[in-house]
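Work through these exercises with the model open beside you. Try each task before reading its solution.

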Number of protein chains: 2
Amino acid sequence: MRQSRLFTKIEKNPPKDEESLNALLLERGGFIHRLMSGVYSYLPLGLLVLKKIEQIIREEMNAVGGQEVLMPALHPLENYIKTGRENISDLFHTALGNGSKFVLGQSHEEVVVPLVQHYAHSYKDLPLAVYQIQTKFRNELRAKSGLFRGREFPMKDMYSFHLTEDDFEKYYDVVKKAYIKIFERAGIGGKTYFTYAAGGTFSKFSHEFQMLTPAGEDTIYTCEKCRIAVNDEIKDVHKNCPECGGALSGPKKAIEVGNIFPLKTKFSGAFGLTVKNEEGKEVPVFMGCYGIGLSRLMGAVAEVCNDQNGLIWPESVAPFSVHLVYLRSDDKNVRAEADKLYEKLTVEGTPVLYDDREDKSAGEKFAESDIIGIPVRAVVSEKTLKSASVELKGRGEKDFKLVKISEIKKYVK
Amino acid sequence: MRQSRLFTKIEKNPPKDEESLNALLLERGGFIHRLMSGVYSYLPLGLLVLKKIEQIIREEMNAVGGQEVLMPALHPLENYIKTGRENISDLFHTALGNGSKFVLGQSHEEVVVPLVQHYAHSYKDLPLAVYQIQTKFRNELRAKSGLFRGREFPMKDMYSFHLTEDDFEKYYDVVKKAYIKIFERAGIGGKTYFTYAAGGTFSKFSHEFQMLTPAGEDTIYTCEKCRIAVNDEIKDVHKNCPECGGALSGPKKAIEVGNIFPLKTKFSGAFGLTVKNEEGKEVPVFMGCYGIGLSRLMGAVAEVCNDQNGLIWPESVAPFSVHLVYLRSDDKNVRAEADKLYEKLTVEGTPVLYDDREDKSAGEKFAESDIIGIPVRAVVSEKTLKSASVELKGRGEKDFKLVKISEIKKYVK
């Protein structure tokens with residue numbers, strides 16, 4: 001993409017009331033724009049990051065047999081009366097012109113259970129797992145922390161359905177491993193811990209994936225050997241590592257980036273979702289649910305992948321692989337060569353942001369390139385062209401190297 | 001995808017109160033499931049169709065310089081007070097716990113104008129066009145006609161911003177041509193007409209793309225020579241073809257599948273969106289908006305691409321290119337060969353739905369294959385394997401041909 005055509009600009013003065021580092025960095029770089037507290041627009045660069053995160057999650061959910069669907073956000077209130085969740089405080093309520101009452105989904109048990117009930121009648125139809133990447137709404141009075149706690153946000157939610165509790169537990173473990181892969185692929189694996197947490201009203205425990213960050217809302221205690229953690233809320237139950245029994249280290253601040261939850265028969269029971277087992281007897285269906293907030297994950301990556309100059313995207317979720325920076329020259333040949341290189345890389349399939357702007361100095365371009373944080377910067381100028389080269393520099397590195405244009409592909413994806 | 005694993009099933013008895021052909025066909029095939037009137041879930045097969053439509057639209061919007069963003073559905077009511085649209089009847093209203101009033105977007109002028117205002121200040125920043133593929137909400141009392149008139153639906157909406165009315169008009173024509181391409185690529189080009197229509201409160205005219213169908217809600221008069229039409233609502237203004245002056249033929253029933261609209265300075269004026277022109281004077285920005293409902297387009301294709309046995313998807317939007325149908329055999333080698341062929345095609349990049357079910361007869365499989373409507377059916381059975389072949393049949397065709405397995409790729413995408 002030609003930067004001269006990008007409608008967003010680097011923000012010199014991000015909103016003064018934006019307190020969180022992730023939102024400050026992302027607004028400054030032109031990735032997101034705040035419409036109101038907890039409600040953001042994703043701009044061209046930000047949407048590219050979101051789509052890369054989406055694709056990583058999709059691949060890993062498909063790999064564990066998830067079937068992708070897209071369920072609505074408008075839910076009939078009556079379904080929540082069935083599950084006893086009609087009065088939970090973070091639901092947005094709305095109504096049709098004739099008074100029919102709806103809520104906006106902040107989760108989809110009330111929709112997915114009747115959907116699966118329509119199709120699954122026999123043990124032969126199980127196990128099954130459906131997931132979606134869809135927009136959630138949460139009536140948060142104090143939306144804060146940038147992308148960490150939103151009123152509207154894209155989320156992947158998967159629901160699994162099983163004939164037995166044993167089968168559910170096996171699948172739960174499979175999804176746990178898929179989640180570990182997702183956070184590794186997104187570049188925060190080293191800071192993220194599978195965490196034992198409290199379960200809420202109908203399950204004693206749940207499991208979170210917590211990423212260490214001083215901006216986190218949660219407190220955890222980690223076991224570095226097992227790469228697991230215990231949430232402060234159940235520290236009295238787990239004084240030591242639940243896996244190796246060793247000492248836990250902490251407290252440490254962390255943010256939840258994923259959550260997996262045994263639903264057991266809570267929601268299948270509410271809707272009467274049963275299947276015939278092999279003996280022809282109707283039995284309740286065991287369920288699990290598995291969530292990851294896409295924008296929260298984007299915020300988490302931004303929160304920890306940066307330096308004082310701006311963002312440092314991991315290659316896997318970067319909006320582009322290369323930031324090609326053309327330095328203004330009176331020699332028109334320089335611009336022509338830069339254009340040619342941009343087109344060549346693009347045609348070959350390398351995602352390139354091309355700073356082709358004529359009205360910016362080298363200093364401004366380098367500063368903005370650091371703010372945006374694309375993994376590799378390739379500078380093309382009168383000087384580099386003298387040796388048919390570009391200056392390559394990794395965003396997190398200090399030194400650049402002069403690389404022949406004919407050999408660039410060895411250094412970029 | 002293996003059909004034995006698909007959680008949806010062919011619906012033998014679609015909802016009795018579903019009146020529209022598109023929803024009946026799509027629910028029968030397991031593409032969509034109705035949560036309530038005008039609100040559907042997209043199931044695995046339906047989501048694949050929706051994604052193909054999305055990709056066609058995205059490519060054509062990118063080709064005309066559109067920059068993709070994703071704006072929120074929750075909008076502050078105060079923005080609608082500024083534009084005087086706070087009382088329009090088809091808005092869903094909701095509120096935060098503290099009473100702050102929001103509406104759910106059925107269009108995004110009230111969000112995109114302040115967004116662009118944040119970044120565009122000079123004539124140098126124009127023209128620009130931003131678009132999104134995002135979920136819209138419409139408080140429709142009488143949601144009906146299946147996917148044609150929904151309360152919640154995915155839509156592509158683009159907004160363009162120009163320094164002069166003349167520049168706007170040139171771009172409007174460019175987008176018009178992109179829309180014609182989209183409908184052609186989606187397989188309904190031959191039935192779709194660029195249509196002169198009324199403009200609403202602030203513009204005398206707008207333009208629709210109307211697809212002929214007896215299920216349509218609109219009435220149009222067509223000029224076959226110019227491939228354009230006039231909506232009945234402005235027939236008194238255009239008694240003849242507005243382009244060649246020839247006679248119009250009609251009335252004909254049609255459904256709107258796209259809409260392009262001159263907004264001029266209506267919304268830029270409401271928010272005070274101006275830019276400095278070349279003389280340094282602040283001037284109002286001219287705008288256009290351009291919409292296509294994705295699910296409506298999916299419904300439109302379903303409504304006209306079918307026969308008495310089920311859907312007939314155009315290749316461009318089909319959920320899969322090939323429906324590989326294995327016919328049960330006691331010879332285990334038949335199943336092994338079918339599996340091998342499925343894997344080979346999949347690895348080579350052909351999207352295949354593989355009916356690997358052991359408990360269905362040939363008759364049931366053929367009937368279900370017709371209902372789903374994948375462009376090419378490839379039957380593999382004991383009989384076909386005797387000549388190392390499959391039986392290929394186009395969904396819209398009567399006759400099949402025996403084709404060597406080694407030569408399948410000549411016949412499928």
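This is a predicted model: local features need pLDDT of at least 70, side-chain atom pairs count only at pLDDT 80 or more; totals for chains, interfaces and linings use all residues.

**Exercise 1. Backbone exceptions in chain A**

Solution. Step one: locate the residue. K264(A) belongs to strand β13 of chain A. Step two: read the backbone angle. K264(A) is not a glycine, yet its phi is positive, about 50°. Most residues other than glycine have a negative phi, and most peptide bonds are trans.

Task: Which peptide bond joins G250(A) to P251(A), cis or trans?

Solution. Step one: check omega. It is near 5° for the bond from G250(A) to P251(A), and the bond is cis. P251(A) lies in strand β13 (residues 249-264) of chain A. Step three: look at another bond. L126(A) and P127(A) are also joined by a cis peptide bond, with omega about -5°. P127(A) sits in the loop between α4 and β7 of chain A.

**Exercise 2. Domains of chain A**

Task: State the domain bounds of chain A and how far apart the C-alpha centres of the domains lie.

Solution. Step one: the assignment gives domain 1 as 11-306 and domain 2 as 320-410. Step two: the C-alpha centres of domain 1 and domain 2 of chain A are 39 Å apart.

**Exercise 3. A helix pair in chain A**

Task: At what angle do helix α2 and helix α5 of chain A pack?

Solution. Step one: find the helices. Helix α2 of chain A covers residues 44-63, and helix α5 of chain A covers residues 165-185. Step two: read the geometry. The angle is about 155°, and the axes are 10 Å apart. Because of that angle, α2(A) is roughly antiparallel to α5(A). The crossing of α2(A) past α5(A) is right-handed. Step three: list the contact. Step four: sort by class. The contact of α2(A) with α5(A) has five nonpolar, three charged and no polar residues.

**Exercise 4. Two sheets in chain A**

Task: In what order do three strands form an open sheet?

Solution. Step one: the order is β4-β6-β5 of chain A, with antiparallel pairing. Step two: find the edges. β4 and β5 of chain A each have a single partner strand, so one side of each lacks a neighbour in the sheet. Step three: the twist averages 40° from one strand to the next. Step four: inspect one pair. Three bridges link β4(A) with strand β6 (residues 101-104) of chain A. L74(A) faces L104(A) in β6(A) there.

**Exercise 5. Where the chains meet**

Task: How many residues does each chain give to the contact between chain A and chain B?

Solution. Step one: count. Chain A gives 43 residues and chain B gives 43 residues. Step two: find the elements. Those supplying at least two residues of the chain A side include α2, α4 (109-119) and β7 (128-137) of chain A. Step three: classify. The side of chain A that touches chain B has 27 nonpolar, 12 polar and four charged residues.

**Exercise 6. A hairpin in chain B**

Task: Which residue in the hairpin of β11(B) and β12(B) takes a positive phi?

Solution. Step one: four bridges join β11(B) to strand β12 (residues 228-231) of chain B, and the two run antiparallel. Step two: T222(B) has A229(B) in β12(B) as its bridge partner. Step three: the hairpin has four residues between the strands, and R227(B) takes a positive phi near 55°.

Terms used: Residues are numbered from 1 along each chain as its sequence is written. Chains are lettered from A and ligands numbered from 1 in the order in which they are written. Domain bounds come from an automatic or database domain assignment. Axes are lines fitted to C-alpha atoms, for helices over the stretch in contact, and angles run from 0 to 180 degrees between N-to-C directions. Angles under 35 degrees count as roughly parallel, over 145 as roughly antiparallel, 65 to 115 as roughly perpendicular and the rest as oblique. A crossing is left-handed if the near helix is turned anticlockwise from the far one by less than a right angle, and right-handed if clockwise. Ala, Val, Leu, Ile, Met, Phe, Trp, Tyr, Cys and Pro count as nonpolar, Asp, Glu, Lys and Arg as charged, and the others, Gly among them, as polar. Two residues are in contact if their C-beta atoms, placed from the backbone, lie within 7 Å. Two strands pair if DSSP finds at least two bridges between them.
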